[in-house]
Amino acid sequence: MFPDSRSLTLSDLSLLIQILSFLLFLYAVYIKRKSMAKHGKIAGVAFYLALPSILYMLYSRGRGLTLPYYNSLLGLHMLLGILTIFTGILFVTNRWKWKVKKYMDLEIILWTGTFFLGITIYMVLFGLISP
Ligand code: HEM
């Protein structure tokens, strides 16, 4: 899959964390029908798990990372990512006014969109897709 053999990078670690976090998030969505308490706990863990990787992304961007092509995807990813985090903070800090179905549905869309844009960014960065 990779063009050359190479050592693991922080981007790989960050990707792994994001995949685990997204899977946990999906599980939290699934478990909602069975237990609301478990839903809240698991979604919270998924959110906190993602944070170290997001710090790395901010660091990477702060160092001036741009994409060789499709760079507007990075801008869109950052915008959706900031909205995802902002909405997530409202939930994990129990802002009850915001903890309603329509905003939770919005969070599912935001997180999913940000995640798949992130996967695309990773693939562009490591030459797994090209124009
Ligand atoms: C919940 C929110 C977010 C999710 C699920 C997410 C997901 C991802 C994923 C899966 C990757 C590819 C793995 C990697 O290279 O690290 C990535 C990369 C990246 N993301 Fe995010 N992201 C989020 C928030 C953000 C935010 C808020 C920013 C900046 C404001 C951001 C900027 C970046 C950058 C610059 C990269 C490339 C990092 C690199 O490998 O050098 N992301 N993101």
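Helix H4 has 25 residues, and at 1.5 Å a residue these should span 36 Å; the end C-alpha atoms of H4 are 36 Å apart, so expectation and geometry agree. Keep in mind that this is a predicted model. Along H4, the buried residues are Glu107, Leu110, Trp111, Thr114, Phe115, Gly118 and Ile121. If you look at what they pack against, you will find H1 and H3. Just after H4, glycine 127 takes a positive phi of about 70°.

Let's move on to H3. Buried here are His77, Leu80, Gly81, Thr84 and Gly88. These residues cover an arc of only 115° around the axis, so they sit on the same side of H3. On the face turned away from that buried side you can pick out the exposed residues Asn71, Ser72, Gly75, Phe86 and Ile89. The cover over the buried residues of H3 includes H2 and H4. After H3 comes asparagine 94, with a positive phi near 55°.

Now for the ligand. It is surrounded by 25 residues, and the closest are Ser11, Ser14, Ser60, Gly81 and Gly118. Two or more residues of this shell come from each of helix H1 (10-31), helix H2 (36-62), helix H3 (71-92) and helix H4 (101-125). H4 gives the largest share, 8 residues. Sorted by class, the shell has 15 nonpolar, 9 polar and 1 charged residues.

Methods:
Residues are numbered from 1 along each chain as its sequence is written. This is a predicted model: local features need pLDDT of at least 70, side-chain atom pairs count only at pLDDT 80 or more; totals for chains, interfaces and linings use all residues. A residue is near a molecule or strand if its C-beta atom, placed from the backbone, lies within 6 Å of it. Helices (H or I, at least four residues) and strands (E, at least two) are DSSP runs, numbered from the N terminus. Ala, Val, Leu, Ile, Met, Phe, Trp, Tyr, Cys and Pro count as nonpolar, Asp, Glu, Lys and Arg as charged, and the others, Gly among them, as polar. The expected span of a helix is 1.5 Å times one less than its number of residues. A residue is buried if 20 or more other C-beta atoms lie within 10 Å of its own, exposed if 12 or fewer, and partly exposed in between; C-beta atoms are placed from the backbone. Two residues are in contact if their C-beta atoms, placed from the backbone, lie within 7 Å. The arc is that of the directions from the helix axis to the C-beta atoms.
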